[in-house]
Amino acid sequence: MTRPVTARVPAKVNVQLAVGGLRPDGFHDLANVFLAVGLHDEVTATAADTLRITVEGADAGQVPLDHTNLAARAAVALAERHGITPGVHLHIAKDIPVAGGMAGGSADAAGALLACDALWGTKATRDELLDICADLGSDIPFSLVGGAALGRGRGELLTPLETGGTFHWVFAVADGGLSTPAVYRECDRLREASGAGAGAADVPDPEPSPALLDALRAGDATALAAAVSNDLQPAALSLRPALAATLRAGADAGALASLVSGSGPTCAFLAKDPEAAQAVADALAASGTCRTVRTTSGPVPGARLVDA
Ligand code: ATP
């Protein structure tokens, strides 16, 4: 009997999320600068007759256990390409907040792909794995690659980025999630309401910030803090006004930068070193403005197989 295989996959924070206008196909062009950070999900694949998903962790109750689970969809996509039956039990040990704007579902998809590929001996090439990831969702290729990268298109066309050091982060996890499509819809609605329009002709093409890329390359947290931006933040705040108090609490505690992570509602705080991060985390925990606080750092590597 084949031994179970475990993949470990990081969460991400978007240090820049520039959102273009609404395209006719319903997507938005993005300039999306991803940084993989050290919160991880682990996906263990065990041989089974049929596809089955189990989940453990504080947010386990919010994760679907049927074929809509992104890990299940990844396993089915790999099996279909290789003409095999997706017989596997996928167990997800979930540490990444669910629907938190940190690509937890994407991480599980990338992990399931890697683990199933090893379990089934399908020997998919890196390009094939990246292809399947891009088919399944815009953030999934980055979960596989990790480190730091610029995503163009819907975010799936990745260019790896050089980073000159480690950045220290605090994440304030909110009660309940935010739906990513709902946040994009709210972004479009706010743009329409402002009179500027929300279409591709109305909104400037999204471009990566040269100052931000320089700051990443230099490993300069202060410069990075000055350059971070998230075009989805007004929409996340509009849908969840209480996040303003969370952002303020982190800023008051000395965070170099305070921003909503991706589509939220997790808020991300950049600190100059681990001690400053701990001080921000303590202040956030005491503020009563979030459910949980996590400190970590990045960049970290993407999805990897680990010894179970
Ligand atoms: P992103 O940052 O990529 O926009 P997110 O971190 O905000 O995503 P996810 O944790 O990926 O959000 O979950 C979004 C929704 O996807 C959940 O509400 C859940 O219904 C569904 N989902 C499907 N598969 C998974 C999975 N393996 N883990 C978590 N959620 C999943």
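The legends below describe close-up views of a predicted model of a protein chain with its ligand.

**View 1. Confidence of the predicted complex.** The complex carries an ipTM of 0.93 and a pTM of 0.95 from the predictor. Across the protein chain, pLDDT averages 96, and 99% of the residues score at least 70.

**View 2. Residues surrounding the ligand.** The ligand is surrounded by 22 residues. The closest of these are Leu70, Gly104, Gly105, Asp108 and Thr180. By residue class, the shell around the ligand comprises 11 polar, 9 nonpolar and 2 charged residues.

View 3. Domain 1 (5-162) and domain 2 (167-298) each provide at least three residues of the shell around the ligand. Helices α1 (70-81) and α2 (104-120) each contribute at least two residues to this shell. The largest contribution comes from α2, with 4 residues.

**View 4. The buried side of helix α9.** Helix α9 spans residues 243-252, and its residues Leu243, Thr246, Leu247, Ala249 and Gly250 are buried. These residues lie on the same side of α9 because they cover an arc of only 160 degrees around the axis.

**View 5. Packing partners of α9 and the residue that follows the helix.** After α9 comes Gly254, which has a positive phi near 100 degrees.

Methods. Residues numbered from 1 in each chain as written. Predicted model: local features only at pLDDT ≥ 70, side-chain atom pairs only at ≥ 80, totals over all residues. Near = placed C-beta within 6 Å. Nonpolar A, V, L, I, M, F, W, Y, C, P; charged D, E, K, R; others polar. Domains from an automatic or database assignment. Buried ≥ 20, exposed ≤ 12 C-beta atoms within 10 Å, placed from the backbone. Arc of directions from axis to C-beta. pLDDT = per-residue confidence, 0-100.
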